Amino acid sequence: MFPSLPQTSTLALALSLAVSAQQSPLSNSPSIPENRPLHDRPSSPPEGLDSGVILGAPRNATIKLFPASLTSFRPNLSFGCRESVFNTISLETDVCLSGDYYLSHNMLITEAPICADGKKSTMAYYHQQGCGGEIKYRSDFNSNGIPEYCLWGGYSPKEWSLIFRCDDGTERMEDRMSATESMETRHQIAAPPPAPKPLPYFGSFADEESQDEPVALEEPTDGLVYTHLFPACNGQRVGGNKPMTVPVDRCLTIHGFGIQFKTPAVCSNGTRAKWARFEDSKCGYGEISSAYGLIDIKDSDIMKCLSTGTIGAAEKVSSMSFWCDGFGDVKKPDPNAPKEPEVPKPERGSISESACAGHAPFFDHPKTDTCVDLKTDMMKIFSTGVCANGTSALLAKYERKGCAGSPASFMEVNKERGNLEKCLSFKDTGSFAFWCDGKGVVGPVPNNPGGARQGRSKTSVVMVIMLIIFAGVLATMLGAWAWFTTDIGMRVRELFSRKEGGIAL
């Protein structure tokens with residue numbers, strides 16, 4: 001029995017699908033592209049004497065310069081070397097190209113140069129201008145050779161330079177570099193195009209600036225941040241519930257593991273400040289961290305919990321700054337510099353009389369060159385105090401209270417003599433002082449100077465009242481004496497002095 005035509009078509013379709021499935025395996029996940037930005041560089045045949053290709057006249061390098069990056073680090077995204085605005089330059093061999101901006105995903109070598117002898121040139125890249133110092137990238141030491149992708153990934157310095165050198169007969173690249181650097185090197189400055197501005201509005205907003213255009217400010221505005229103890233930004237906040245004010249280009253030490261931006265800082269040119277993170281607590285003394293660099297603060301980052309490290313990890317973000325113009329000229333301490341001698345600080349002494357009486361010790365901390373009256377005959381000294389010159393004070397004993405007269409004796413109290421923190425006898429001693437230079441030794445200060453003044457004022461009031469009473473009594477006596485000396489007094493005396501039964505006319 002033969003299959004029908006529809007069955008034959010269905011069977012053929014199934015066989016074709018099975019064959020195609022064997023040729024290309026099915027997968028639900030997309031293929032992972034190469035970890036670098038793509039570009040439209042055309043493929044070129046291999047060059048050089050060993051390639052079999054006959055080369056003509058020497059050729060300059062063709063380079064596309066895209067708008068300068070505002071940050072030291074930009075992730076490997078598709079925008080690298082894809083802007084519509086760029087400058088194309090032609091760079092001769094043995095000419096140094098230097099730039100004074102971040103070279104971060106904004107350069108593309110579209111055509112490598114050819115030397116006069118038909119050999120490939122050797123590319124050298126530096127983290128400073130002038131093509132001098134340490135070489136950070138060597139095309140003859142790297143399997144990628146002269147890079148064919150968007151330059152560069154990772155963190156870029158603010159100044160950089162590169163050069164294509166041709167062979168001068170030496171075998172090693174170090175020899176070629178030194179031989180060429182000994183001659184006068186020509187230089188060329190990299191001039192990228194300006195970043196494109198946002199399109200203006202039309203209609204009723206034709207005369208207004210774009211909302212995305214930064215507006216210069218008279219002064220930069222401070223940022224407000226919350227720092228948290230835990231990475232999830234929950235629980236206890238470091239520094240209280242109120243946000244901390246962080247001015248631009250100032251260092252903030254971070255003790256926790258989470259941070260939130262309530263209000264990002266704004267630079268004086270109207271742009272939002274970058275977030276600079278540092279491994280140390282001093283913000284690298286103004287040097288951008290090679291591990292963290294500068295990153296943009298997006299609107300989505302506001303009040304978002306941002307981690308500054310993992311609890312228990314060896315490294316974390318220990319400080320940060322809202323970066324605009326940098327810290328300026330900051331002097332970094334020399335780790336090899338000799339340590340400056342510490343300036344001694346005067347310290348009080350420490351004593352206890354109750355410690356020698358079998359009771360719980362109560363401590364007193366008298367200043368040096370200050371008199372202290374004793375209450376008992378035994379006392380334990382824990383420290384005699386430190387003088388202004390850094391030496392330990394002496395114990396000066398006085399026979400009478402108030403440190404009257406000259407000291408009866410001096411004594412060193414320390415561990416070497418075995419009398420420190422020991423109960424010492426102060427028999428026949430009324431007062432003492434921890435002696436440094438003896439200047440300003442004063443008697444004991446009352447515990448309540450205000451109370452003493454108040455007692456003196458009460459005594460004065462009582463004396464005034466007594467004087468008033470005495471004056472009143474005296475006035476009464478004088479008045480009585482004057483009354484008896486008048487005529488009325490005399491008549492009264494005559495009336496009482498007459499005999500009984502007499503009648504006065």
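1. Four strands make up an open sheet in the order β19-β24-β21-β22, with antiparallel pairing; strands here are DSSP runs of E with at least two residues, numbered from the N terminus, and two of them pair if DSSP finds at least two bridges between them. The edges are held by β19 (371–373) and β22 (409–411), each with a single partner strand, so one side of each has no neighbour in the sheet. On average, neighbouring strands of this sheet are turned by 25° against each other, direction ignored; the axes behind this angle are lines fitted to C-alpha atoms, and angles run from 0 to 180 degrees between N-to-C directions.

2. The model is predicted: local features need pLDDT of at least 70 and side-chain atom pairs count only at pLDDT 80 or more, whereas totals for chains, interfaces and linings use all residues. Residues are numbered from 1 along each chain as its sequence is written, and side-chain values use heavy atoms, with hydrogens and water left out.

3. Within the sheet, strand β21 (residues 394–398) and strand β24 (residues 431–435) run antiparallel and are joined by five bridges. K397 stands opposite F432 in β24.

4. The count of aromatic pairs is twelve, where rings of Phe, Tyr and Trp (its six-membered ring) pair if their centres lie within 6.5 Å; planes under 30 degrees apart count as stacked, over 60 as edge-to-face and the rest as tilted. F278 and W323 have ring centres 6.4 Å apart and planes at 45°, so this pair is tilted. It links distant parts of the chain, since F278 belongs to strand β14 (residues 274–278) and W323 to strand β17 (residues 319–323), 45 residues apart. Both F278 and W323 are buried (under 20% relative accessible area, 1.4 Å probe, protein chains only). Y125, Y137 and W152 form one aromatic cluster.

5. Two charges sit over rings, meaning that NZ of Lys or CZ of Arg is within 6 Å of the ring centre and within 35 degrees of the ring normal. K158 lies over the face of Y102 at 5.8 Å from the ring centre, and R277 has its charged end over the ring of W275, 5.1 Å from the centre.

Definitions and conventions
Buried < 20%, exposed > 50% of the residue type's maximum accessible area, 1.4 Å probe, protein only.
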